[in-house]
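Please look over the sequence and the 3D structure below. Then read the short report that comes after them.

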Amino acid sequence: MKAKKFFSMILLSALLLTAYGCKEKPAEKAETPVIATDTKALSELPAAYVEPMTKLLNEWGSRKGSMSDPFIGTRILTENISMDKVGYAVLDIDGDGVEDMITAPIEAFAQNGMVFDILTSKDGKPWHLANSLEATYHMMEDKSFVLQTPDKETKTATYKLVTINGSDRPTETPITADQARSYTPSKIALTPLSELIK
């Protein structure tokens with residue numbers, strides 16, 4: 001008789017656990033913000049850049065460091081930078097009729113033309129030409145770039161003049177520190193990324 005009671009209790013426990021497991025769980029709240037896609041700034045972007053830029057904006061708060069995204073360099077991924085401190089500009093850098101794009105930290109760009117990313121479009125899709133990682137790109141008034149690569153051992157830097165050639169990889173020519181200093185940083189206006197969601 002005791003054994004029968006014991007098995008009945010086990011069976012009842014199993015039924016209760018099954019019923020509890022089948023209970024509907026509340027839906028998890030999405031953490032990704034919904035980004036407006038009809039803002040004036042977003043509607044003015046070249047078509048090639050709209051979809052990936054929208055994706056970037058939606059993932060802004062939860063980025064994990066993927067370098068496959070053409071709009072974002074390591075410095076944004078590893079630093080807590082707000083959307084109003086990063087800007088972009090659309091311009092034809094090399095005069096080939098294709099609208100290129102740069103993304104840049106607004107303050108550093110104003111000081112020395114530093115950019116995060118240099119992009120163009122190829123077959124209607126964004127094409128990543130270069131980005132500031134171990135070295136930094138600085139955009140000059142004549143639409144060329146000076147690439148500065150620090151040498152940790154000597155605590156100096158090497159410099160290259162970088163020119164954009166359509167959708168090919170940029171051409172790099174070594175220059176001296178004095179030559180690098182002779183260039184004037186670009187003063188074009190950047191649009192903060194925050195404008196794309198207003």
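## How to read the model

This is a predicted model, in which local features need pLDDT of at least 70 and side-chain atom pairs count only at pLDDT 80 or more, while totals for chains, interfaces and linings use all residues. Residues are numbered from 1 along each chain as its sequence is written, and side-chain values use heavy atoms, with hydrogens and water left out.

## H138 and T136

Start with strand β6, residues 136-139, which holds H138. Helices (H or I, at least four residues) and strands (E, at least two) are DSSP runs, numbered from the N terminus. H138 has a relative accessible area of 9%, so it is buried. Buried means under 20% relative accessible area, exposed over 50%, and partly exposed in between, with a 1.4 Å probe and protein chains only. T136 is also found in β6. At 13% relative accessibility, T136 counts as buried.

The side chains of H138 and T136 are joined by a polar contact of 2.8 Å. A polar contact is a pair of N or O atoms within 3.5 Å; within protein, one must be able to donate a hydrogen and the other to accept it, and residues adjacent in sequence count only if both atoms are side-chain atoms. A polar atom of the H138 side chain also lies 3.2 Å from the backbone oxygen of N112. Leaving aside neighbours within four places in sequence, H138 is in contact (heavy atoms within 4.5 Å) with residues including N112, G113, M114 and F145.

## The largest pocket

Which residues line the largest pocket? They are N112, H138, M140, V146, Q148, Y159, A177, A180, R181, Y183 and P185. The elements giving two or more residues to this lining are β7 (145-151) and α6 (177-182). α6 gives the most, with three residues. On a 1 Å grid over the protein atoms alone, a pocket is an open set of points where a 1.4 Å probe fits, with protein on both sides within 12 Å along at least five of seven lines; lining residues have an atom within 4 Å of a point.

About 190 Å³ of space lies in the largest pocket. That volume is the space filled by probe spheres set on the grid points, which are joined across faces, edges and corners. By class, the lining has seven nonpolar, three polar and one charged residues. Ala, Val, Leu, Ile, Met, Phe, Trp, Tyr, Cys and Pro count as nonpolar, Asp, Glu, Lys and Arg as charged, and the others, Gly among them, as polar.

## Helix α3

Helix α3 spans residues 47-58 and has 12 residues. From first C-alpha to last, α3 reaches 18 Å, close to the 16 Å expected at 1.5 Å a residue. The expected span is 1.5 Å times one less than the number of residues. Among the buried residues of α3 are A48, Y49, P52 and M53. The buried residues of α3 pack against α2 (40-43), β2 (100-105), β4 (117-122) and β5 (125-131).

## A buried loop residue

I93 lies in the loop between β1 (86-91) and β2. Is I93 buried or exposed? I93 is buried, because its relative accessible area is 8%. I93 and N165 are 72 residues apart in sequence and 8.9 Å apart in space, C-alpha to C-alpha.

## Two positive phi angles

Most residues other than glycine have a negative phi. D123 has a positive phi, near 55 degrees. D123 lies in the loop between β4 and β5, and is exposed at 74% relative accessible area. K155 has a positive phi of about 55 degrees. K155 sits in the loop between β7 and β8 (156-163), and is exposed at 75%.
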